[in-house]
Amino acid sequence: MTTPTELRLITEANGHDLKYVQTVIQSFEVFRPDVKVVLVQTEDSYGVMEQFHHEGADLLHIREGGYSTQLRKGVVQDLLPYLRNDPVLKMDDFYQGALTQPMWEGQLAVLPVVDVAVPQIFYNKTWFAEANVPFPTNEWTEDQFLDAAVRLTRHGENGDESGYGFYIYPDVEFLEPFLMRKGGRHLSEDGSVGRGYTDSEIAHAAYQWIVDLYRKHRVAPMPGVQVDNIFRSNRFAMIYDFSWHNGIAYDPELSETYGVVGLPHAQGGRDIYTMYSTGYGIPVTSKHSELAWELLKELALPSSEEARRAYWGVPITKTLAKELGRTGNPWWGPALYAIDRIEKNAYLSNQVWNLSRQQMNQDIERMIKGEAGVEETLSRWAEIVS
């Protein structure tokens, strides 16, 4: 009896992500009995690379912040040659962000798998209906968004009794899509310059608009307000978060309560989104690259019914979206629209900027509380990358 070829896959996936990977591996081994997949699960990205350096791998799980790094270091192969020569996967079948986000200098580091998320707004249909405010659509504007948020905010004598038109976590990466949709950026496209971008007039206007949501219009709770479960609290008419939460579509109570829509359009701005993902790449040192590609294809476009049922995230190809019944689906439509309009944010452009995130988030809270000015804060941020 021939000994199966062994493929080694190292991942930090857990929960639904890990279950999906396990399901794909089981299906893959059924139609490729000549292959045995060894799955190694670690706690985090550090553990993935530690295992890789000790034992090697044929597929490597990488977070978006490491895509360009692992290509620059020569750890993973460029996947474009595999993709261009593949008889099944076609480049034009992929949603734009699935290929451009993992790209660096014309090379493709990974294929994103399951763990893909884009920003969107969940809106409470009951609140909108009771206040006779029209449900938002993907064509709505920032003015329409603000009008709805103001009309749906109610302040009680006790802060715990207040209901707010909007909730957003005051994090620079959550706020960045609003800046980019207004036509601005934190950094130059190559991530090397902050001056003239972070401190631009567009950036000033974008951050002042955000601060005004809290201080002038009072449609969002001030930083520090604790809410145990945002979606079940019934305290917010609109919640800004990522499509990771689209799983509530399968919760009868929450899916009845909420709808989902894309981000509002800024006047004269651009219809773009940002994206988070993790993906799998093929190390340069893999001894079974072609087999690894076959398994990676199954992760990206599962052929078994069991694996498709386990695919909980945003599909990265139009074929998969259609097979999963998500094309034109009111819950998944906004996410599919967004993943086709992705632009890299500062987080992916510069590691120094990314490492400053905690301090910037503290600065955002200070701006919201009136303890720091927008202009002075952004001028300081502009010096982080210069």
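This is a predicted model: local features need pLDDT of at least 70, side-chain atom pairs count only at pLDDT 80 or more; totals for chains, interfaces and linings use all residues.
**First stop: two helices**

Select residues 201–215, which form helix α9, together with residues 374–381, which form helix α18. The two helices pack at an angle of about 130 degrees, and their axes lie 10 Å apart. Angles from 65 to 115 degrees count as roughly perpendicular and those over 145 as roughly antiparallel; α9 and α18 are therefore oblique to each other. Their crossing is right-handed.

**Second stop: the largest pocket**

Now move to the largest pocket, which holds about 770 Å³ of space. To find its centre, select S68, Y347, L348, S349 and N350, the closest to that point among the 29 lining residues. Then colour α3 (67–72), α5 (96–100), β4 (103–104), α15 (346–349) and α16 (351–355), each of which supplies at least two residues of the lining. Which element gives the largest share of this lining? It is α3, with 5 residues. The lining divides into 8 nonpolar, 12 polar and 9 charged residues.

Finally, select H16, D17, K19, D115, W244, G247, Y250, R309, A310, Y311, W312 and R326, which line the second largest pocket. Its volume is about 300 Å³. Helices α1 (15–31) and α12 (305–310) each supply at least two lining residues, and α1 gives the most, with 3. Here the lining comprises 5 nonpolar, 2 polar and 5 charged residues.

Note on methods. Residues are numbered from 1 along each chain as its sequence is written. Side-chain values use heavy atoms; hydrogens and water are left out. Axes are lines fitted to C-alpha atoms, for helices over the stretch in contact, and angles run from 0 to 180 degrees between N-to-C directions. Helices (H or I, at least four residues) and strands (E, at least two) are DSSP runs, numbered from the N terminus. Angles under 35 degrees count as roughly parallel, over 145 as roughly antiparallel, 65 to 115 as roughly perpendicular and the rest as oblique. A crossing is left-handed if the near helix is turned anticlockwise from the far one by less than a right angle, and right-handed if clockwise. On a 1 Å grid over the protein atoms alone, a cavity is a set of points where a 1.4 Å probe fits but cannot get out, and a pocket is an open set with protein on both sides within 12 Å along at least five of seven lines; lining residues have an atom within 4 Å of a point. Grid points are joined across faces, edges and corners, and a volume is the space filled by probe spheres set on the points. Ala, Val, Leu, Ile, Met, Phe, Trp, Tyr, Cys and Pro count as nonpolar, Asp, Glu, Lys and Arg as charged, and the others, Gly among them, as polar.
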